[in-house]
Amino acid sequence: MTSSVSKGCFVFKPSVKKRRKTPTVEDYFTHGSEDTENSKLRFRNCQTLWDQMKADTELLQDELNRKILDSLLAFIRKNVSTFQRGTDDWASRMRAHEIPTAALVLGVNVPDHDMTFQSLSDQLQQSVTPFVVSVQATECAALNHMIQRVLERLMGTTVSVDDEEEPERCSTNVNQKRVHCSLITLCNWYKTVTKIAASGTPGKKRTSVGKDMQQHPPIVVIFKDLEAFNPRVLQDFILICSRYVEQLPLMFVFGIATSPSTIQHMLPHSVSSLLGIELFQSLSCTQHLASIIDKVILTYQFPFKPSGKVLQVLVSIFLYHDFSVRNFIKGLQLALLEHFHSQPLSVLCCKKEEALVHATELSPRDVERLQQLPSFMRYVEEQGPQEQVELLTSDDHVKEVCQKLLKDLHKYHKNYYPILRCLHVLTASLPKYPLGKQIRELHICCLEKNVWENEEYASAMQLLRMMAKDELTSALQKCAEILKHGKAKKMRAALLQLDNLLAKFEQPDDVAAAENVAGEDLTSQGKGRQKKTDLFQLQKTLLEMKKSRRTKKMSHFEILRDQALEFIDSLVRSHLAPPESQPLYEVCYYSSSAVLRRHLNATPRTSIQTALSNPYHYLKNENLRAEDGTVSNAAPDICIVYKLHLECGRLINLYDWLEAYATVVSAAEGKDPDSADFGKVDELKHARFIQAVSELEFLGFIKSTKQKTDHVSRLTWGGC
């Protein structure tokens, strides 16, 4: 009923609320695509493939960290007994005056440290102690701040640093309990908590001690970034904690990025002597990266492959920027996403059985894309005239040939990686590493061009001919172990030939040496009976004798060595051809290294100049669209000020700059150019101009100068 004595406004709400649909990741992936079904299938393939790669990398990272984490847990468990009461061990009582400290050297791959410390913290809370706290240097600028962070995270309550501030804070948090910031408070809290846990009284979940834990579980304080801490603050904290070591079972974990000598540089002997330090060295980031590449890239199980240039970009960012394996995996994920999004034929980038099914379901548009691939066009050119006509006119025939080529591509990968590992095993220990010390270097070299055409390959073969028998035999045995895991028929045949060669290496060479001597005697007797009838024949005989004296007689090992190297060379030439030699390699290989570099290896200066000179590039606002070399008058103030400063010389007059800015802003406000207020500088425009100039100075484009008080000088010269 809407009738009323007084006037009013009646609102009728709809019975069913229409909720706005939130776009999903798949919607962003398929947005703007011509073939929606193809895009959805590509997205599912991409998601499935990434889930498998992510699961394998996480499992590998857990295995790599398990050894160092197990050592840390064993160290902490060993020191737990020191804090138990009633021990008569003199050494234990002496060690009780020291704070057990684990110096964990993780390397300079700082972005990966959080994962390691999180895993350590979780395992400590599950099996050793519930009292684990992590602190960083950014939140511990002063001693009271450090103690406050430790107490708050252990006790789960607000800790007051200064008594004078307490009344003000209590007015806002009346119902929250507050305690004083001191280690005495922590001692009293710890005694209360452990007494409650020992008596079996139910308490909070965060302070409950498991049955498998000790009666006095330790308090573990993790310093994630030791180098960044203020040395004085750290020294004072250790000195204070050392006075309560008999009341509190404290333990420290130092996260070190550079070198263990950092502890000596930061802590004097009087402080470091209070710590019982034990060193733990984690796996180096380069070894970790090698394991990730071996697990994810150097395998035929994952059909997606980065090209040589793409892999070089990812490795370069790792080596020259952050040493972060996590960022390397993120870059690989970006390459995977870009490949499936930009390449419609990536619908075939999946397992062999699924790819063969998808090949039979290609649309006419996909068949046309297939025919336009450079590798497929080269394949067509190599066929006969009748076959070329079929491949260019019949879609069904193209699908049949596509299935055959996909099978060949999978066979290529099955043969490629075992031979790559064999070549790496043979050449990784050579002097100066002609083909690289890491297998990724050899892999990139093989991806770019025929590896046997490089001078380094010829140099490696020469060095292999100089190896001793035991070294060469050991390397060939490692190659045999690699070929045993090969799934292709050609790898089994190669393994059989290699086993035969290894068997010959183990045989004694007495019989072969006797046969060589007998053959030489027969040859010399034949030459001796030959009549030297003329000068030409005499000259020829003398040259042969001279050559025979220069040529050293080959031993049985040298003959077998040459046979083995020829065998390896034949495998390399047969199976290590670059991917470009395989038809349809574009389906699996992502080669847009420039796109990847632009996303991952951004240049801040270029990005800032692009944003200031062309704000539409990032904001995508149609009002900001302008012709090249100009800027819209509706652009942000800093963009207008930046564009105007490009028109000035080395010194910029601030008043003239302000007048030009006011003119542009007045035009943006739609004022009449002939009016008296057009271009007038009011307080608001003046304040906006000052703020824009300050931001431009902060970005490093201008600075104040002493030459003229009403001028600023440019720090950049020329256009953007």
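A crossing of two helices counts as left-handed if the near helix is turned anticlockwise from the far one by less than a right angle, and right-handed if clockwise. By that rule, α29 and α31 cross in the right-handed sense. This is a predicted model, in which local features need pLDDT of at least 70, side-chain atom pairs count only at pLDDT 80 or more, and totals for chains, interfaces and linings use all residues. Residues are numbered from 1 along each chain as its sequence is written, and side-chain values use heavy atoms, with hydrogens and water left out.

**The helix pair**

- Helix α29 spans residues 637–645 and helix α31 residues 683–698; helices here are DSSP runs of H or I with at least four residues, strands are E runs of at least two, and both are numbered from the N terminus.
- Their axes lie 9 Å apart at an angle of about 70°, with axes fitted to C-alpha atoms (for helices over the stretch in contact) and angles running from 0 to 180 degrees between N-to-C directions.
- That angle makes α29 roughly perpendicular to α31, a label covering 65 to 115 degrees.
- From α29, Asp637, Ile638, Val641, Tyr642 and His645 make the contact (heavy atoms within 4.5 Å), meeting Arg688, Phe689, Ala692, Val693, Glu695 and Leu696 of α31.

**The sheet**

- An open, antiparallel sheet of 3 strands runs in the order β10-β12-β11, where pairing requires at least two DSSP bridges between strands.
- The average twist from one strand to the next is 40°.
- Strand β12 (residues 711–714) joins β10 through 3 antiparallel bridges, and Ser713 of β12 is the bridge partner of Leu651.

Terms used:
Angles under 35 degrees count as roughly parallel, over 145 as roughly antiparallel, 65 to 115 as roughly perpendicular and the rest as oblique.
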